[in-house]
Amino acid sequence: MMGLVFNIAQDVVEATFGPDVWDAVIETAGVDGAYTMLAAYPDDEFESLVRAASGVIGISQTDVLVMVGRRGFGALLERHADALAGRPDWRTLLAGLDGEIHRDARKVYPEGELPRLDLRPAPDGAVAIVYRSRRRWCDLAEGLVLGVGDWYDVSLETRHVSCRRHGDELCVLEVRER
Ligand code: HEM
């Protein structure tokens, strides 16, 4: 996992709970906590941090991932404002995610292993995102999508229609405007 994602998790925890809480998370996870945006680190290390944050903050690991995604979307844009160019609303941003935004990210982060995020139309004007990644961090994807809604100032509702972590074959996230 690229240092970028670790940097964003740190930004979110520090901005929300303060630097001492991030220090406690690092200590509990037993890691040194120094991450460079363009370097890759073991996925296990990120998972240890999520587990530690869950214990230190007192919320579930799912809630940690959703929070990091949701509050971290702004921190991600601080580093990649170009992702917004020509995307005036949440639908155009999500539509450009797999074929354009993550495709371009592959060039900047050659060591990155980007998830596949295929969009399909869903009932009542909703969009279904099919998330494919060996990491099974669909909760992070859900948080990022909610962060997209916050960014464009629309209230988005997400629903895990099916999830590999619960034994389904595919992970599908439905997104609709409230
Ligand atoms: C709604 C917006 C977005 C969603 C839902 C999304 C989803 C995700 C998820 C879930 C991951 C974790 C890796 C995995 O699950 O396998 C990830 C990683 C990543 N994403 Fe995105 N992303 C979004 C926007 C962006 C943007 C704007 C960029 C800008 C360049 C970006 C670049 C990256 C990079 C570099 C990684 C790290 C890959 C790695 O470490 O191997 N993403 N993304």
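## Ligand shell

Helices here are DSSP runs of H or I with at least four residues, numbered from the N terminus. The model is predicted. In it, the largest share of the shell around the ligand comes from α7, which gives five residues.

The ligand has 24 residues around it, and those that come nearest are Met2, Ala83, Gly112, Ser133 and Leu144. Two or more residues of the shell are given by each of α1 (3–17), α6 (97–108) and α7 (138–152). Sorted by class, the shell around the ligand holds 18 nonpolar, four polar and two charged residues.

## Domains and their contact

The domain assignment divides the protein into domain 1 (3–70) and domain 2 (89–177). Their C-alpha centres are 21 Å apart. Domain 1 puts 10 residues into the contact and domain 2 puts in 13 residues.

On the side of domain 1 that touches domain 2, helix α4 (residues 61–79) provides the largest share, seven residues. By class, this side of domain 1 has six nonpolar, two polar and two charged residues.

## Nonpolar core

The largest nonpolar core has 45 residues, of which Val25 and Ala141 touch the most other members. Elements that each supply at least two residues of this core include the helices α2 (19–29), α3 (43–57) and α5 (90–95), along with the strands β2 (127–132) and β4 (171–177). The core lies between domain 1 (3–70) and domain 2 (89–177) because both give residues to it.

Apart from neighbours within four places in sequence, Ala141 is in contact with Gly69, Pro115, Leu117, Tyr131 and Leu173.

Technical notes:
Residues are numbered from 1 along each chain as its sequence is written. This is a predicted model: local features need pLDDT of at least 70, side-chain atom pairs count only at pLDDT 80 or more; totals for chains, interfaces and linings use all residues. A residue is near a molecule or strand if its C-beta atom, placed from the backbone, lies within 6 Å of it. Ala, Val, Leu, Ile, Met, Phe, Trp, Tyr, Cys and Pro count as nonpolar, Asp, Glu, Lys and Arg as charged, and the others, Gly among them, as polar. Domain bounds come from an automatic or database domain assignment. Two residues are in contact if their C-beta atoms, placed from the backbone, lie within 7 Å. A nonpolar core is a set of buried Ala, Val, Leu, Ile, Met, Phe, Trp, Tyr and Cys residues joined through C-beta atoms within 7 Å. A residue is buried if 20 or more other C-beta atoms lie within 10 Å of its own, exposed if 12 or fewer, and partly exposed in between; C-beta atoms are placed from the backbone.
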